[in-house]
Amino acid sequence: MNSNKLTRILSIVAIYVATLGNYVQSAETVSPNLAKLAEVEAKLSLGQLREMLSLPNDAHYEDDIRKNIIWFQKAFEKRGFVVSLIATEGQPLMLAERRTEGASKTALIYLQADGQPVDVSKWHQPSPYDAVLKEKVDREWKAIDWSRAESELNPEWRIFARSASDAKGPIAMVLAALDSMKKNGLKAGLNMKFVLDFEEELGSPHLPKAVKDNRVDFAADFLMIFDGPRHLSNRPTLYFGARGIANITLKVFGPKRPQHSGGYGNYAPNPALLLSDLLASMKDDGGRVTIPGFQDGITISEQDRKILAAIPDDEKAILTSLGIKNPDKVGATYQEAMQYPSLSILGLQSGWVGDQTRTIIPATATAELDARLVPEKDPESLIALVRQHIEGKGYHIIAGKEPTDEERRNNARLISFDHVVSYGAFRTPLDGPEAKWLVKTLKQTFQADPVQIRMVGGSIPIAPFVSELKILAIGVPTVYLENNQHSPNENLRMGNYVEGIQTFLAILTVPADF
């Protein structure tokens with residue numbers, strides 16, 4: 001062993017000794033030394049994080065997910081958890097439980113373990129599953145050697161890999177926090193039940209039934225979601241609700257086969273034009289959904305407005321970041337807009353473009369939509385409103401995948417309509433005991449009030465836990481918002497990795513005595 005490496009090891013040991021001697025654990029005081037413990041554990045855990053990220057985790061590939069399941073099962077069992085797999089018609093859910101002597105509350109903690117698919121050609125590194133440490137030089141991200149992290153952790157460094165932020169990074173933070181607790185003799189303040197979801201990016205299609213069939217196994221006093229990005233300010237954040245999600249596929253039919261645009265232009269109706277007109281009829285120039293009843297029943301009280309106004313959004317900065325001049329007119333502010341259901345076009349397909357352009361009238365035109373759901377609106381009723389709107393525009397919704405000859409003879413406008421409701425929305429009161437405990441814990445840890453978000457615009461499969469277990473749910477996001485989530489070159493900001501470990505050290509050790 002060379003002298004430099006020995007010096008680093010002795011330095012780390014000295015930090016542990018010093019911080020352990022100064023640490024005081026109680027419901028009233030969270031030692032600032034948690035920050036130092038988190039920094040030390042962050043350095044020690046980077047190898048584990050890289051190993052975790054090296055496992056491809058696209059839920060479309062069962063063999064890859066099985067390798068992840070084996071890895072996480074060993075990781076939690078190593079830390080004293082009893083691990084069980086809850087079978088579903090797809091990938092199983094993993095439940096890791098550990099009781100704490102004297103703890104009065106049990107927390108169910110949701111973690112996402114799968115990731116988005118990858119397009120290797122769009123990544124600026126050989127493999128999205130071989131994590132690369134980078135620093136920004138002259139506005140470009142440049143790879144640096146991992147050995148530099150042995151002696152320093154620049155908070156602005158980024159770890160580039162698929163699932164670095166969404167959402168293996170938070171799992172790595174949890175494991176690091178548990179390791180630090182053990183090394184420093186810090187007792188957990190609650191009983192822990194971690195549930196790992198390996199199909200979140202598929203919409204968690206089998207989770208609702210699994211929760212319903214296994215209520216006893218999942219039973220807890222409250223739920224925390226260790227997933228998602230912090231507020232744009234990157235301050236410690238809590239969110240108390242999330243919109244649900246449903247997907248709709250529309251396919252408009254034109255001629256049986258693509259036809260020559262010269263021979264049949266002005267004669268054969270173009271399904272791309274018909275679909276464009278139909279989609280345009282669903283919103284006005286301000287981006288508001290015009291489908292009757294779609295946004296009915298949504299009220300924002302004066303108290304709600306105060307909660308929304310307390311969130312430190314910089315609307316100009318948001319517009320600049322998005323590269324747009326004006327937002328849609330659904331709400332007066334960004335936060336207000338997130339309180340309403342949305343209807344978005346995700347993608348359109350008809351014919352060919354670019355070098356493949358062909359002079360044809362296409363046979364079909366397809367649109368993929370999603371509807372973001374809110375607690376006030378029943379998901380199926382909302383989807384029914386979309387269906388009624390389409391029928392009101394003169395479309396006949398076919399029964400099968402392709403229209404029959406009889407349907408073609410008898411109907412001028414033909415469309416297929418398929419939908420899936422993945423899960424509903426949830427929203428938790430901001431003044432409940434669970435909320436107050438978490439706010440107090442984060443405030444003591446970071447010496448500042450956390451940002452409290454009433455409801456985030458994205459979707460997380462939490463509603464089944466809330467409805468079936470009759471518990472409240474609160475999100476504790478830790479990653480940086482600008483992380484290329486779901487996109488090529490996804491990354492995890494090093495400062496957020498360290499502060500995430502600090503966050504979970506506090507939450508898992510401060511007694512839940514409410």
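How many nonpolar, polar and charged residues are in the lining of the largest cavity?

**Ground rules.** I am working on a predicted model, where local features need pLDDT of at least 70, side-chain atom pairs count only at pLDDT 80 or more, and totals for chains, interfaces and linings use all residues. Numbering starts from 1 along each chain as its sequence is written, and side-chain values use heavy atoms, with hydrogens and water left out.

**Cavities.** I looked for cavities (on a 1 Å grid over the protein atoms alone, sets of points where a 1.4 Å probe fits but cannot get out; lining residues have an atom within 4 Å of a point). I found two of 30 Å³ or more. The largest holds about 40 Å³ of space, and its lining includes Thr88, Asp197 and His206. To my opening question: that lining divides into three nonpolar, four polar and two charged residues.

Next I traced an open sheet of five strands, in the order 13-15-11-17-16, with mixed pairing. Strands here are DSSP runs of E, at least two residues, and helices are runs of H or I, at least four, numbered from the N terminus; two strands pair if DSSP finds at least two bridges between them. Strand 13 (342-349) and strand 16 (396-397) are at the edges with a single partner strand each, so one side of each lacks a neighbour in the sheet. I then checked strand 11 (residues 244-253) and strand 17 (residues 414-423), which pair in the antiparallel sense over nine bridges. Thr249 has Asp418 in strand 17 as its bridge partner.

How values were computed:
On a 1 Å grid over the protein atoms alone, a cavity is a set of points where a 1.4 Å probe fits but cannot get out, and a pocket is an open set with protein on both sides within 12 Å along at least five of seven lines; lining residues have an atom within 4 Å of a point. Grid points are joined across faces, edges and corners, and a volume is the space filled by probe spheres set on the points. Ala, Val, Leu, Ile, Met, Phe, Trp, Tyr, Cys and Pro count as nonpolar, Asp, Glu, Lys and Arg as charged, and the others, Gly among them, as polar.
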